[in-house]
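Please keep the sequence and the structure in view while reading.

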Amino acid sequence: MLTPARTESFAPSAGLIASLATATWLDTTPTGATLCCLLLVPQPPRSCYETPAVIEQRMRAVAEALRLGPATTPPPDIGPRLRLIAPTEVALRFDRTPYRKRIPTGRPWTLLLDQGTPAALVLGLDPLSRSATPAEIDSYLDRATLRQRLLFGHTRAE
């Protein structure tokens with residue numbers, strides 16, 4: 001019988017990191033400050049072995065490698081983790097692995113990040129297609145918020 005691996009000892013693989021879907025947008029905090037937002041989500045299952053429990057376990061390991069916290073507490077400061085690598089691309093650094101996730105962004109997003117604007121990192125535990133529209137992403141975020149299926153952290157450029 002297979003038993004789940006402990007997330008504390010799990011380092012995300014290059015394949016897992018590459019498989020994550022991302023979305024970026026700009027938002028405004030309640031105080032009126034601009035905030036860069038980054039969503040990481042798993043892809044829908046590709047085989048019968050990728051059950052919802054396995055997907056969630058992997059995503060919790062990714063959250064551990066990013067030091068993210070639950071929505072029930074203030075988001076932790078996870079330190080600088082984003083590196084600008086092109087005018088419209090950043091790389092996200094994870095703990096315990098040399099691999100980074102390359103993330104396409106809009107030019108305004110990278111300009112603000114480069115100027116010191118903080119970024120909210122949001123990790124969803126449930127799958128969402130890479131081809132999701134902005135409306136589908138909003139719906140996903142609403143559902144996941146109600147079900148407490150999101151983990152959070154604040155980061156910035158390295």
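Two residues are said to touch, or to be in contact, when they have heavy atoms within 4.5 Å of each other. The model shown here is a predicted one, and that should be kept in mind throughout.

Ser19 belongs to helix H1, which covers residues 14–19, and a polar atom of the Ser19 side chain lies 2.7 Å from the backbone oxygen of Leu16. Although Ser19 and Met59 are 40 residues apart along the chain, their C-alpha atoms are separated by 11 Å.

Thr110 is part of another helix, H3 (residues 107–114). When neighbours within four places in sequence are left aside, Thr110 is in contact with Leu84, Ala86, Pro87, Thr88, Glu89, Val90 and Thr105.

Is Ser19 buried or exposed? Ser19 counts as buried because its relative accessible area of 15% falls under the limit of 20%. Thr110 counts as buried too, because its relative accessibility is 2%. The table sets the two values side by side.

| Residue | Relative accessible area |
|---|---|
| Ser19 | 15% |
| Thr110 | 2% |

The next part concerns two paired strands. Strand E5 (residues 89–93) runs antiparallel to E6, and 5 bridges join them; within this pairing, Arg93 stands opposite Arg100 in E6. E5 and E6 form a hairpin with 6 residues between them, and in the turn Arg96 has a positive phi of about 65 degrees. In a regular strand the side chains alternate between the two faces of the sheet. In strand E6 (residues 100–104), Lys101 and Ile103 make up the covered face, whereas Arg100, Arg102 and Pro104 make up the uncovered one.

The last part turns to empty space, which can be found by rolling a probe the size of a water molecule over the atoms. The largest pocket holds about 210 Å³ of space, and the residues lining this pocket include Trp25, Asp27, Cys37, Thr145 and His154. Two or more lining residues come from each of strand E1 (21–28), strand E2 (34–41), strand E7 (119–124), helix H4 (134–146) and strand E8 (150–157). Which element gives the most to the lining of the largest pocket? That element is E8, with 3 residues. By residue type, the lining of the largest pocket divides into 9 nonpolar, 2 polar and 1 charged.

Conventions:
Residues are numbered from 1 along each chain as its sequence is written. This is a predicted model: local features need pLDDT of at least 70, side-chain atom pairs count only at pLDDT 80 or more; totals for chains, interfaces and linings use all residues. Side-chain values use heavy atoms; hydrogens and water are left out. Helices (H or I, at least four residues) and strands (E, at least two) are DSSP runs, numbered from the N terminus. Buried means under 20% relative accessible area, exposed over 50%, partly exposed in between (1.4 Å probe, protein chains only). A polar contact is a pair of N or O atoms within 3.5 Å; within protein, one must be able to donate a hydrogen and the other to accept it, and residues adjacent in sequence count only if both atoms are side-chain atoms. On a 1 Å grid over the protein atoms alone, a cavity is a set of points where a 1.4 Å probe fits but cannot get out, and a pocket is an open set with protein on both sides within 12 Å along at least five of seven lines; lining residues have an atom within 4 Å of a point. Grid points are joined across faces, edges and corners, and a volume is the space filled by probe spheres set on the points. Ala, Val, Leu, Ile, Met, Phe, Trp, Tyr, Cys and Pro count as nonpolar, Asp, Glu, Lys and Arg as charged, and the others, Gly among them, as polar. Two strands pair if DSSP finds at least two bridges between them.
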